[in-house]
Amino acid sequence: MSQNTTAKFIAMSDKPKLFGFACDFVSAESFSVFRSPSFAVFPGFCDVHVHFREPGFSYKETIATGSKAAARGGYTAVCTMPNLSPVPDNAENLAKQLRIIEEDAVIHVYPYAAITVGQKGEQISEMESMAKDAIAFSDDGRGVQNDDMMRQAMLRAKSLGKMIVAHCEVNDLLKGGYIHDGEYAAKHGHKGICSESEYAQIARDIELVKETGCAYHVCHISTKESVELIRKAKADGVDITCETAPHYLVMDDSDLQEDGRFKMNPPLRSEADRLALIEGIKDGTIDMIATDHAPHSAEEKGKGLAGSAFGIVGLETAFAVVYTKLVLTGVLSLEKVIELLSDNPRKRFNIPLGNDFSVWKLDEEFCVNPDEFLSKGRSTPFAGEKLLGQCMLTVCDGKIVYSK
């Protein structure tokens, strides 16, 4: 199954025979060996936006636990963000992460390097020394506030043949907010994050991309204005792609509860924003679905909307959420979802598929129970929900890395 045809999933055989055979002789080109209406095979999913927290914050997640959680969700490739200690802003620091990946990862893990030293936005990182080993450059979690610094980063990234992957956020517009500046915030007395804090920096970066010619990718877009800006930029021939996450596609700020598991950055926006994201998916403005898997400790997520850390986990629920809430309801086709989860991210980030696939039982209902997650993170807004679609087997490089 080539990268251009991976959306052509097929049904698999009975469970005992499937789980009993040696997967090393089954290539991605020969999924049609077994057939049955009970099982479906998908190419290994690829998530270009995850946080595995190691080195530096292994109490939240490790390369081992994060990659096992990814495998359980059908992922065989992920890109890890640089919110680490030490920050991978030079070759020595990046090498520390690479050693852990080599020793502990059960799937392909591609690390980002930081755009700026310490992700502080004050000095460009040692980009040249990391270009060979980094998938791209990002200061995820922080927007680069200085225009000229982003311009210089784009020029250096272009010279190295690397992409800038941007968390877009204007700090001056945040004003202490922590959920969307909408009806729920007003009704319950919370401080809101305005939509402009996201789309204003996207608008700035689009102009810088036009100037520099850098390849550019926008993280976790959440607003209708962001969709429209990127749609127009693509029409103008700008080298831009973007992602959104499952929770932004199926929830809005009316779904908020007074619980830290509903707090993420960017926040859940309005219903109008959610519908704009769906349209962006349908017309190709939004290229891929990423999870922004961001595990924290129970203590960090147990302080309500105001006091909890930003971030939720998503690797083990992403496909089932999208399949149940968007495919089975007729909003998106299954073929489109596989493009968003595997084909498009691999193409944009030049990540090969190889002999990677997952086997799913699509009619298998389950209740989301965070206590059963393989991730150390337990915070998800989908806890207690009943979803359809369970991963039964994940194979990476011809080896079983997850089996239910």
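Modeller: Before we begin, helices (H or I, at least four residues) and strands (E, at least two) are DSSP runs, numbered from the N terminus. This is a predicted model, in which local features need pLDDT of at least 70, side-chain atom pairs count only at pLDDT 80 or more, and totals for chains, interfaces and linings use all residues. Residues are numbered from 1 along each chain as its sequence is written, and side-chain values use heavy atoms, with hydrogens and water left out.

Biologist: Where is asparagine 350?

Modeller: Asparagine 350 lies in the loop between helix H13 (334-349) and strand S12 (357-367). Although asparagine 350 is not a glycine, its phi is positive, at about 55°.

Biologist: Is asparagine 350 buried or exposed?

Modeller: Asparagine 350 is exposed, with 68% relative accessibility. Buried means under 20% relative accessible area, exposed over 50%, and partly exposed in between (1.4 Å probe, protein chains only).

Biologist: And what is the phi of arginine 53?

Modeller: The phi of arginine 53 is positive, about 65°, although this residue is not a glycine. Arginine 53 sits in the loop between S3 and H2, and it is buried, with a relative accessible area of 8%.

Biologist: Changing topic, which residue does a cis peptide bond join to glutamate 54?

Modeller: That residue is proline 55, and omega is about 10°. Proline 55 is in the loop between strand S3 (45-50) and helix H2 (63-72).

Biologist: What is omega for the peptide bond from serine 85 to proline 86?

Modeller: Omega is near 5°, and the bond is cis.

Biologist: Where does proline 86 fall?

Modeller: Proline 86 falls in the loop between strand S4 (75-80) and helix H3 (91-104).
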